[in-house]
Amino acid sequence: VFVTLGASLSLIDAFTIPSPQKHTSHAYDRSVPSPITKTSLFGYIRPETSESQPKNQAPYPNIGDLVRYYELDGGRQDGQELVGKITYIQKGGPKSQSWLAEVTELDNVGDGYYAEYPYRKRRKSRLYNLEEVSPLIGSFVRTEDAFKIPLDRSGKVSPAFKSYSLDGYEGPNAGPVDEQIVQSDLQKYGELKTRLLRDAAIAGLIGAIIADFAAGLNNALIYFAGAIAGVGYLFFLTVKTDTMGSEGAKLGSKVANLRFALPLIVLVGIALQNIIAGDASPVSETGNIFSSVSKQQFGAAMLGFLTYRIPLFVSQLAPVVGETAGMALPGSAGVAMQMAKDAKEAGNNSQKKNLFGDDLTTVFVVSGPAGTGKSELVQTLIDGSEGRLVGPALVDKIADPMMFEQLESRNEILQVDARGRYAMTKDGVINAARKPAEGEELEQVVVIDADVELSKKLANLAGTRLVGVWVGLDELEKFEQGLDEQIQSGKILIPDDETAETVRRSKIREIVKDIEYGVVSGIFEFTVLLDDFDESLLQLKNAAEYCFK
């Protein structure tokens with residue numbers, strides 16, 4: 001029997017065929033080709049081949065990893081088993097070789113699902129040694145809004161490895177840095193510092209002139225001395241900011257602390273002046289150096305010192321006041337003010353040359369309430385335009401996470417798709433359409449399928465010329481019928497604390513509100529009632545031709 005089996009295996013091995021590359025696999029690194037070059041029947045692997053397979057290695061820790069750890073306060077001898085997410089990694093000490101991780105606990109919602117605690121609840125975060133936590137392999141399930149963690153047969157969390165690999169570990173991986181954005185931010189920061197110091201000095205000078213007329217030259221000089229101290233306060237504050245996170249952070253912090261002594265120095269100078277003045281001093285009794293300063297002098301010095309706050313307050317209030325003023329001005333005056341504001345914001349863009357719309361970037365906006373079918377209409381329009389109409393350029397959160405995070409922190413994202421992956425930005429709208437080269441006739445216009453909220457943002461987008469089309473239905477009953485179909489098919493989810501009827505009424509109110517905006521906003525030159533698809537598509541094509549005029 002053994003001889004026959006051995007002969008059979010030899011015969012099988014003689015007729016093996018090369019395995020396609022796509023069938024080879026590696027447990028954790030698919031970039032590593034498998035050393036197995038032949039696959040026999042019944043999964044037979046030659047011994048010399050199987051011995052050369054690399055063993056799985058534990059990964060390095062990274063911020064955002066899911067981990068299992070034990071909390072000794074759980075009432076059990078071996079501790080309470082918890083699941084959390086690494087939010088920060090740091091050295092155990094200046095000379096320590098160990099690493100600590102700040103782990104934020106996740107809420108166990110059952111069946112292996114772990115969710116982040118809502119923001120209204122206090123999150124539980126503690127520092128743990130990285131050797132004490134175990135990495136997990138989990139996947140985020142959007143329908144559950146939670147991470148799915150593998151469990152063993154006993155219902156306990158099953159980690160991928162007992163612990164992390166820390167040999168040669170030098171800290172969490174840093175994301176790619178766009179040097180152009182860094183330099184742009186540094187330039188903006190430098191301009192902000194200069195403007196704050198300049199505005200504070202000008203405000204102090206103007207305040208001193210007013211104090212001269214109101215309270216005399218002496219109090220005006222005291223006021224100006226306080227204003228100079230305020231400018232010095234801002235300067236030393238910038239010193240602390242500039243050195244933060246650098247090797248000179250401690251020295252910078254110590255130097256910056258001098259700003260707290262500046263008001264005191266002004267008061268000491270006033271007191272010495274009064275003491276030297278003798279009988280001419282405005283204060284009759286001088287028990288100590290600070291009692292030599294009169295209330296009027298103290299008030300002038302403190303008002304002067306706090307003058308640096310006025311430009312800060314005005315700079316924060318100006319955009320709100322300007323926007324409100326533009327809304328308050330009637331008719332064409334308000335429009336002209338908004339156009340002037342947009343032209344000023346777009347002054348550094350070479351594509352925008354004229355206040356009244358010449359050579360601005362044309363954007364074709366198709367908007368309307370939910371449930372009209374406009375998305376299919378827009379996509380059909382783009383597909384049949386032979387390259388003349390294009391969609392906006394989007395930022396991919398997975399492909400460029402650093403850029404996505406920076407845009408998000410600056411509030412420069414106009415809209416994010418339902419999956420939270422692709423983001424639309426101002427640059428993506430303006431630069432998506434390619435300008436025709438010299439001697440080329442093809443001109444492109446960007447088309448945006450916009451809901452009402454996005455339409456409101458696009459209406460205030462500087463440097464663009466909007467051609468708006470409102471897509472709707474001719475009867476409200478058709479909206480109601482479409483909502484009923486979506487509710488029945490499960491496309492519109494019904495929350496546990498609501499019924500289908502309450503959701504339906506809420507959606508109808510939103511649709512009515514959107515229709516009111518489409519009527520009164522004034523940004524839609526064309527209206528398409530989507531009754532017959534082909535006819536509506538023809539109307540939309542005719543409206544799109546207006547973009548090229």
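Trainee: Which residues form one aromatic cluster?

Mentor: This is a predicted model. In it, Y233, F260, F305 and Y308 make up one aromatic cluster.

Trainee: How is a pair of aromatic rings described?

Mentor: One gives the distance between the ring centres and the angle between the planes. The rings of Y69 and Y128 have centres 4.8 Å apart and planes at 50 degrees, so this pair is tilted. F305 and Y308, by contrast, form an edge-to-face pair, with 5.9 Å from centre to centre and 70 degrees between the planes. The count of aromatic pairs comes to 12.

Trainee: Are Y69 and Y128 buried or exposed?

Mentor: Both Y69 and Y128 are buried. F305 and Y308 are buried as well.

Trainee: Which parts does the pair of Y69 and Y128 tie together?

Mentor: Y69 belongs to strand 3 (residues 66–71) and Y128 to strand 8 (residues 125–129), so the pair links parts that are 59 residues apart in sequence.

Trainee: Which charged residue sits over the ring of F548?

Mentor: The charged end of R388 does, 3.9 Å from the ring centre. Likewise, K148 lies over the face of Y113, at 4.7 Å from the ring centre.

Trainee: How many residues has the largest nonpolar core?

Mentor: In soluble globular proteins, nonpolar side chains tend to be buried together. Here the largest nonpolar core has 27 residues, and F364, V366, V447, V469 and L540 have the most contacts inside it. Elements giving two or more residues to this core include strand 12 (361–367) and helix 16 (533–545). A second, separate core has 17 residues, among them I222, V266, A301 and F305.

Definitions and conventions
Residues are numbered from 1 along each chain as its sequence is written. This is a predicted model: local features need pLDDT of at least 70, side-chain atom pairs count only at pLDDT 80 or more; totals for chains, interfaces and linings use all residues. Side-chain values use heavy atoms; hydrogens and water are left out. A nonpolar core is a set of buried Ala, Val, Leu, Ile, Met, Phe, Trp, Tyr and Cys residues joined through side-chain atoms within 4.5 Å. Buried means under 20% relative accessible area, exposed over 50%, partly exposed in between (1.4 Å probe, protein chains only). Helices (H or I, at least four residues) and strands (E, at least two) are DSSP runs, numbered from the N terminus. Rings of Phe, Tyr and Trp (its six-membered ring) pair if their centres lie within 6.5 Å; planes under 30 degrees apart count as stacked, over 60 as edge-to-face and the rest as tilted. A charge sits over a ring if NZ of Lys or CZ of Arg is within 6 Å of the ring centre and within 35 degrees of the ring normal.
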